[in-house]
Amino acid sequence: MISRWLVSGLGIVGIVISVQLFAATELKVDASQSTKQSHKRPTVAVVLAGGGAKGAAHIGVLKALEEMHIPVDYITGTSMGSYVGGLYATGMSAEEIESLIYTVDWNRGYRDRVNRSDRRVRDKEYEDRYQLNTDLGLGFGEIKAKKGVVQGQNMLRILRETTGNLSSFDSFDHLAIPYRSVATDIIKLEEVVIDRGNLVDAMMASMSVPGALPPYEVDGRMLVDGGVTNNMPVDVARAMGADIIIAIDISSNYKDKDDFTTFLAAADQLSNYLVRRSTQEQAETLTDDDIFLHPDVGQIETTEFDKMPDAFQAGYNAAFQHKDQLSKLSLSSADYQKYIDHKQQARQQLKYGDQTKVDKVVINNNSHYSDKLIENRLHLSAGQVLKTSEIESQVKDLYALDRFELVTYKFDNVEGEDQLLVDVNEKSWGPNYLNFRFYLEDDFATASQYGIGMSANFTDINSHGAELRTNVEMGTDKLAEVELFSPFFSSQKLFTSTSLVYSNQKRNLPANIDDIERPTLDVTQDYLPMTYKEFIGEFALGYQPALWQEFKVGARYTDGNVNVASLPSFGSGSYQRTGAFMSYRLDTLDNFSLPTEGYFVDLEYLVTHDDFDTNNTIYNPKLASESDTVHEFSANLMAAQSIEKHTLVAKLDFGMVESKNSIFPIDPKELGGFLNLSGIPRNSLIGKNLAYTSLTYRYKWFENDFGLFKSPLYVGASIEHGGVWSDSELGFDEAPMFTAGSVFAGVDSPIGPIILAYGRTEDNYDSVYLIIGTSYK
């Protein structure tokens with residue numbers, strides 16, 4: 001009943017508003033007609049077609065028109081044309097808009113994910129391991145997918161920042177230049193002319209390319225790119241009252257037979273045909289008095305934003321190629337200055353977000369999270385001017401939780417009150433998500449190391465943001481894990497973490513047990529494969545003062561056994577560990593596998609009581625049954641710094657165990673593998689204690705920015721030094737240490753790093769590695 005009442009009420013309100021807007025529009029049309037009658041010259045409309053990056057040609061045309069002193073009385077556009085037209089309608093000059101070609105990263109508009117460095121510590125750890133971030137929705141008996149490759153969060157940010165966050169308009173006739181954008185209603189499959197509301201909404205609806213971006217909702221209608229229904233809206237400009245049309249077509253050329261080299265080529269050709277057909281239909285309505293420009297941009301792809309300067313120049317040249325025809329519309333210097341002054345006066349009347357004192361912040365929370373959690377994340381207070389940069393920063397902090405489809409905002413004046421309206425929309429395909437991992441490392445000599453895994457994350461546990469994660473992995477090592485993360489309050493700073501883990505891991509034990517005390521590199525060639533099977537239960541209390549910091553204290557119980565996988569008669573052992581731990585993690589790295597900037601600090605102190613029982617059939621006192629109190633300290637430090645294309649990464653791993661009786665490594669530290677003492681097989685050295693350091697240099701050879709993702713190509717080299725040992729009486733200066741190095745080339749791909757490397761140690765042990773994905777313990 002409540003929902004029906006709301007719908008009915010909103011419907012009545014909608015009718016009233018529509019009547020008022022209709023009346024206002026009627027008054028505006030009358031004013032426009034009277035203005036037109038007072039004109040001593042014909043009114044000119046500029047019509048801007050869609051075309052992605054090629055839309056920079058429109059800016060070149062507008063700059064040429066300004067130099068020719070040609071006024072623009074109306075402006076309409078579709079897709080990128082709606083963006084350029086909307087900016088020009090605010091009173092911006094062509095030169096101001098041109099600067100955006102060089103300052104706006106348009107590829108960022110097609111990437112929604114917040115940078116790794118800005119995300120929560122627990123989310124970083126999770127996504128480093130499950131790097132195949134499909135984000136598939138998991139329901140009862142169904143798998144759900146996103147509505148678009150990206151949802152438009154960063155694209156909306158670009159539009160807000162470049163337009164100045166203008167308040168909503170009763171009519172776009174109130175802009176410095178009357179303006180219209182064109183979109184397509186994807187439900188009714190019809191053209192929609194947007195003539196009022198929020199300027200960013202009008203642009204976004206017209207620019208939402210189906211598939212890449214989801215339909216964008218405006219006034220209850222699901223809108224997408226207007227290119228199919230009206231890519232060059234000449235008729236819209238004519239209806240606004242224009243006498244003369246300057247239409248700019250930036251269509252792509254049709255593909256030749258030789259261009260059909262991928263499975264996407266046919267779809268591109270068909271899409272181009274539909275867009276060009278609507279453009280041609282509008283071009284046929286032009287009269288002899290109108291001017292039709294077709295800049296030479298047909299070979300530029302819609303996503304080649306790096307070629308926008310070329311498109312700008314093509315538009316500028318196309319306008320001057322029609323100078324004789326255009327010059328008939330030129331004004332004298334005095335009259336053109338009056339036109340400019342009038343436009344700037346209108347621009348000064350516009351209400352920009354950075355100049356608006358917010359009387360009220362209204363949050364529309366369309367998620368299962370509590371209003372308090374949303375408010376705490378946004379932390380926006382009324383009674384002051386809220387700068388765009390400040391709002392965007394707070395929106396990013398909320399979006400960094402990666403549980404929202406869109407977090408949008410706009411300024412509006414409601415009954416004389418300046419309001420900041422924030423819409424928070426949870427992912428419509430959630431609230432449960434599936435992600436995957438794949439890892440392979442092969443040194444072409446020993447057994448390959450590989451792993452495949454799947455993770456299900458259930459987020460709709462409570463309004464404070466509790467989550468239940470279940471992880472399953474198979475391969476060289478096996479894992480089954482369940483973890484419950486539960487914040488105490490909506491701030492999420494104080495939380496508990498409860499986990500149950502089963503693991504089955506393979507490690508190499510020196511064939512000569514005596515070598516475990518101080519192993520040499522020779523043991524990497526003469527070893528027994530060991531299998532460690534463990535059940536681990538953990539409960540921790542945690543505190544997260546910032547997204548990139550986390551403290552935890554807790555208790556941990558481990559029940560495990562170890563045996564020689566290829567020689568059961570050698571015997572086996574079982575162990576139980578009961579203890580408490582403290583840990584601290586700081587993580588600002590932009591990428592865990594191939595970082596270019598940031599820091600990583602992971603510290604843990606563990607105290608346990610260990611019971612080790614062996615049924616060793618070949619007696620060895622080093623594997624005797626025993627009980628012991630063990631103190632463990634581990635530190636993992638990393639720092640990355642870049643200057644242009646050059647990156648240095650420093651790393652330090654340290655682990656020390658203090659115990660009275662045991663030398664057998666129950667929870668072994670490992671060395672071996674690429675960038676982990678390169679030149680020997682992965683995890684081929686084990687011991688209770690570890691000391692390792694490395695310095696890696698990388699050069700970014702190619703950027704490889706594909707819009708939806710970046711896949712840079714690196715080459716580099718490393719110098720490494722370290723070792724492991726188990727003899728507790730061995731001093732640090734006496735521990736066996738080895739030097740190694742590597743050279744490598746790799747790509748940071750959407751499935752993780754793909755690296756080909758060569759490593760060599762000081763004793764001439766060497767390996768060639770092929771790595772796909774991330775080895776993450």
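This is a predicted model: local features need pLDDT of at least 70, side-chain atom pairs count only at pLDDT 80 or more; totals for chains, interfaces and linings use all residues.

Me: What makes F488, F489, L494, L541, Y543, F551, V553, M582, Y605 and F633 a nonpolar patch on the surface?
Reply: Patch members must each have over 30% relative accessible area and no salt bridge, and nonpolar side chains are joined within 5 Å. F488, F489, L494, L541, Y543, F551, V553, M582, Y605 and F633 form such a patch, and together they have about 890 Å² of accessible area. Two or more residues of the nonpolar patch come from each of β21 (527-543) and β22 (549-564).

Me: Why is F551 called partly exposed?
Reply: F551 belongs to strand β22. Its relative accessible area is 37%; buried would require under 20% and exposed over 50%. F551 is therefore partly exposed.

Me: Why does F488 count as partly exposed?
Reply: F488 sits in the loop between β19 (478-487) and β20 (494-510). The relative accessibility of F488 is 40%, so this residue counts as partly exposed, the class between under 20% and over 50%.

Me: Why are α3 and α4 called oblique to each other?
Reply: The axes of helix α3 (residues 80-89) and helix α4 (residues 94-103) cross at roughly 140° and come within 9 Å. Roughly antiparallel would require an angle over 145 degrees, and roughly perpendicular one of 65 to 115. α3 and α4 are therefore oblique. The crossing of α3 past α4 is right-handed.

Notes. Residues are numbered from 1 along each chain as its sequence is written. Side-chain values use heavy atoms; hydrogens and water are left out. Patches are made of residues with over 30% relative accessible area and no salt bridge: like charges are joined within 9 Å, nonpolar side chains (Val, Leu, Ile, Met, Phe, Trp, Tyr) within 5 Å. Accessible areas come from the Shrake-Rupley method with a 1.4 Å probe; for residues, only the protein chains shown count as cover. A salt bridge is a side-chain nitrogen of Lys or Arg within 4 Å of a carboxyl oxygen of Asp or Glu. Helices (H or I, at least four residues) and strands (E, at least two) are DSSP runs, numbered from the N terminus. Buried means under 20% relative accessible area, exposed over 50%, partly exposed in between (1.4 Å probe, protein chains only). Axes are lines fitted to C-alpha atoms, for helices over the stretch in contact, and angles run from 0 to 180 degrees between N-to-C directions. Angles under 35 degrees count as roughly parallel, over 145 as roughly antiparallel, 65 to 115 as roughly perpendicular and the rest as oblique. A crossing is left-handed if the near helix is turned anticlockwise from the far one by less than a right angle, and right-handed if clockwise.
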